[in-house]
Amino acid sequence: MQFWRHMKQHRLFKRENGYYYHRVRVPADIRERYGKAVEQVSLATTDFRTARKLLPSITVKIDQIFDDFRRGLQTHSGPCTGAILGPPPTHSEPLMSAIADECFRELKRQKDWSPKTEKTRETQIRLFLEICGDKPLSAYTQADIRSFKQLLLSLPANAHSCKEFRGLTKLKIAAITKDRTCARLSNESVRQIMTTASLVFGWARSHHEAGLINIIHPMIPKLPTAKQKRNSRHGFTIDELNQLFELPVFCGVKSLSDWKEPGNISLRDHGIFWIPLLSLFSGLRLMEAVQLTSDDVKIEGDIWFLDISSNSPEKRLKNFSAERSIPLHPQLIRAGFLEFHKQKSDRSRLFPEIPIGPPEQRQRYASKLFNALLKEAGIKSTRSC
């Protein structure tokens with residue numbers, strides 16, 4: 001208890017990777033223009049005593065950041081639209097691309113980014129550079145960011161995978177599809193892209209220019225409310241589930257390669273049969289099921305269960321709380337899952353016939369297979385989970 005009181009007293013916090021950081025609320029007089037309500041700085045150490053020793057210099061640094069920001073506001077007071085916020089750019093200032101590279105290298109180390117997260121961040125910042133240009137951060141204007149946001153909102157969804165747009169710039173794609181009726185990039189996707197650019201601005205302010213104003217943060221779309229989240233996706237209805245599990249895959253197929261045609265061949269030794277059932281009766285995410293090994297099927301007393309964990313380098317979970325033990329549903333046992341499991345050798349994947357994609361897109365093959373099932377069942381929907 002004494003330790004935690006010290007933590008609270010010194011406003012020290014500890015990340016999941018063990019590193020300490022200091023956080024302080026932004027003063028009310030600059031909070032709205034500052035771009036965020038809380039400022040936090042890593043102490044780059046996992047030792048509490050070292051963190052306490054470093055704390056005084058960090059608090060002085062943060063106070064200096066706030067003071068420099070106030071001076072920046074006074075220097076650049078007046079209408080904001082179209083004006084450069086922050087100190088005027090100089091030839092010695094690094095470009096956005098260089099700052100982003102430096103920022104991502106440090107954050108990858110500190111936060112232990114997965115390859116998928118790293119790839120996503122890099123793709124999102126390239127999109128920002130394509131639309132707004134590669135300039136010193138202080139050279140970007142609110143007009144730049146407003147145009148960036150408006151263009152993102154006008155882009156068609158999944159434009160990157162459409163053959164029609166291959167080789168075209170995002171500006172050209174937006175112009176071509178301006179008058180079309182099509183699904184557009186969601187608010188959540190726009191929010192994530194703009195958040196990545198804002199992340200670079202925030203990092204640069206702490207490491208390069210304390211007076212830099214994060215002009216992106218106030219323009220990021222707000223998080224959806226709980227009601228909006230509920231309305232954005234829906235689970236499958238009973239009728240849709242019946243359509244799915246009436247497919248030949250679950251009753252008998254002509255052959256493995258011709259699984260859409262009914263026949264007398266059972267697919268109970270294949271992932272295409274078991275993964276939808278595991279998701280239905282155990283609540284598994286798609287890749288949680290695909291990456292299962294024989295050792296993940298365990299028994300305690302007389303209860304069989306699935307051990308969902310990242311207990312090997314080949315496995316990944318969405319977050320820390322995804323680790324859990326799930327009792328094996330009686331329906332799975334009746335369907336023969338334990339007999340299927342007995343055929344597998346120790347530590348082997350249960351479904352090796354479904355490849356796991358590269359680190360930045362592990363779900364590639366599994367998603368294609370599951371989407372093919374949904375399409376065959378006539379229930380493919382952009383709103384389905």
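Q: Let's start with helix α4: which of its residues are buried?

A: In this predicted model, the buried residues of α4 are M96, I99, A100, C103, F104, L107 and Q110. The helix itself runs over residues 96-111.

Q: How do I read a list like that, and what arc do the buried residues of α4 fall within, seen down its axis?

A: Here is the general idea: an α-helix has 3.6 residues a turn, so residues three or four places apart point the same way. Now the case in hand. Looking down the axis of α4, you find its buried residues within an arc of 130°, so they line one face of the helix.

Q: What covers the buried residues of α4?

A: The cover includes β3 (38-42), α5 (115-132) and α8 (187-207).

Q: How far does α4 reach from its first C-alpha to its last, and what is expected at 1.5 Å a residue?

A: The 16 residues of α4 reach 21 Å, close to the expected 22 Å. Just past the end of the helix, D112 has a positive phi of about 55°.

Q: Now for the rings. How many aromatic pairs does a search of the whole structure find?

A: The search finds 13 aromatic pairs. To sort a pair, look at the angle between the ring planes: under 30 degrees is stacked, over 60 is edge-to-face, and the rest are tilted.

Q: Which kind of pair do F128 and F148 make?

A: Their ring centres are 5.0 Å apart and their planes stand at 85°, so this pair is edge-to-face. F128 sits in helix α5 and F148 in helix α6 (residues 142-154), so the pair ties together parts 20 residues apart in sequence. F128 is buried, with 0% relative accessible area, and F148 is buried with 0% as well.

Q: And which kind do F250 and F273 make?

A: That pair is tilted, because the planes are at 45°, with the ring centres 5.7 Å apart. F250 lies in the loop between α10 and α11, while F273 is in helix α11, so the pair ties together parts 23 residues apart in sequence. Both ends count as buried: F250 at 13% relative accessibility and F273 at 4%.

Q: Which rings do the ring pairs link into a cluster?

A: The cluster holds F245, F250, F273, W274, F337, F340 and F351.

Q: Let me take a single residue. Is I176 buried, exposed or partly exposed?

A: Buried means under 20% relative accessible area and exposed over 50%. I176 has 33% relative accessibility, so it counts as partly exposed. This residue belongs to helix α7 (residues 170-176). Leaving aside residues up to four places away in sequence, I176 touches E164, F165 and L168. The C-alpha atoms of I176 and L155, which are 21 residues apart along the chain, lie 9.7 Å from each other.

Q: Stepping back, how many helices and strands are there, and what share of the residues is buried?

A: The chain has 15 helices and 6 strands, and 38% of its 385 residues count as buried. Among contacts with a separation of 6 or more, 61% are between residues 24 or more positions apart. The chain exposes about 22,200 Å², with carbon and sulfur atoms supplying 52% of it.

Q: Finally, what is the mean pLDDT of the chain, and where does pLDDT stay under 50?

A: The general idea is that where pLDDT is low, the predicted coordinates should not be read in detail. Here the mean pLDDT is 82, and 87% of the residues reach 70 or more. Over residues 1-8 the pLDDT is below 50, and this stretch has 9 contacts beyond near neighbours in sequence. Residues 76-91 also stay under 50, and the model gives them 32 contacts beyond four places in sequence.

Definitions and conventions:
Residues numbered from 1 in each chain as written. Predicted model: local features only at pLDDT ≥ 70, side-chain atom pairs only at ≥ 80, totals over all residues. Heavy atoms only, no water. Helix = DSSP H or I, 4+ residues; strand = E, 2+ residues; numbered from the N terminus. Buried < 20%, exposed > 50% of the residue type's maximum accessible area, 1.4 Å probe, protein only. Contact = heavy atoms within 4.5 Å. Areas by Shrake-Rupley, 256 points an atom, 1.4 Å probe, with all protein chains shown as cover. pLDDT = per-residue confidence, 0-100. Expected span 1.5 Å × (residues − 1). Arc of directions from axis to C-beta. Phe/Tyr/Trp six-rings, centres within 6.5 Å; stacked < 30°, edge-to-face > 60°.
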